[in-house]
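Reader: Please take me through one part of this model in detail. I would like to know what it packs against and how it sits among its neighbours.

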Amino acid sequence: IIPELEIISDKELVDRIYQKKNLPQDNRFLPVDQGGVFKYFHLEDIIGANSYSETKKLYPNVSLGNEIVGLAELEEDPRNKANYWIKFISVDPKYQGKGYATLLINKIFEYAKENNYSLEPSFYSDEGELKLKKVMDRAIAETGVVIVDGHK
């Protein structure tokens, strides 16, 4: 199966998770301690009281067939609409090591370049630093996308 890449809205992601029913139909999107597979993704951030309706959230994802196997979150910086925070990049553990996080990073940078957005990565976890920092640095060099360092 050829991986498909797309960027969807928070509403589109919720629709895929719930499939027009009252409870999530894809349990892989539950919190990790409840059997979910996407580290750092919290469903309540887009459906509950924690959701920030004033900021736009986008979900770059990699799918195999109808199954999302890699997910990232971009959130519009409320102080600068031309900047997006990369909140997380996560791949289902069953599909790690196949280059899906790299595909997500490339899609994020392509989207930012096409739309003249700058990007601000969140802090790297130790695992993210080890696996993704080099890929991110390469994408920066290849695309020329401006990286904002909000951690100074």
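**Helix H1 and the sheet beside it**

Author: Happy to! The buried residues of H1 pack against strand E1 (4–9), helix H2 (44–47), strand E2 (57–64) and strand E3 (67–77). Here, buried means under 20% relative accessible area, with exposed over 50% and partly exposed in between, using a 1.4 Å probe and protein chains only; contact means heavy atoms within 4.5 Å. Helices (H or I, at least four residues) and strands (E, at least two) are DSSP runs, numbered from the N terminus. This is a predicted model, where local features need pLDDT of at least 70 and side-chain atom pairs count only at pLDDT 80 or more, while totals for chains, interfaces and linings use all residues. Residues are numbered from 1 along each chain as its sequence is written, and side-chain values use heavy atoms, leaving out hydrogens and water.

H1 spans residues 10–18, and its buried residues are Leu13, Val14, Ile17 and Tyr18. They line one face of the helix, because they fall within an arc of 120° when seen down the axis of H1; the arc is that of the directions from the helix axis to the C-beta atoms. After H1 comes Gln19, with a positive phi near 50°.

Now for the sheet. H1 lies across E1, E2 and E3, and runs at about 110° to E1; axes are lines fitted to C-alpha atoms, for helices over the stretch in contact, and angles run from 0 to 180 degrees between N-to-C directions. The five strands form an open sheet with mixed pairing, in the order E1-E2-E3-E4-E5. Two strands pair if DSSP finds at least two bridges between them. E1 and E2 pair in the antiparallel sense over six bridges, and Ser9 stands opposite Leu58 in E2.
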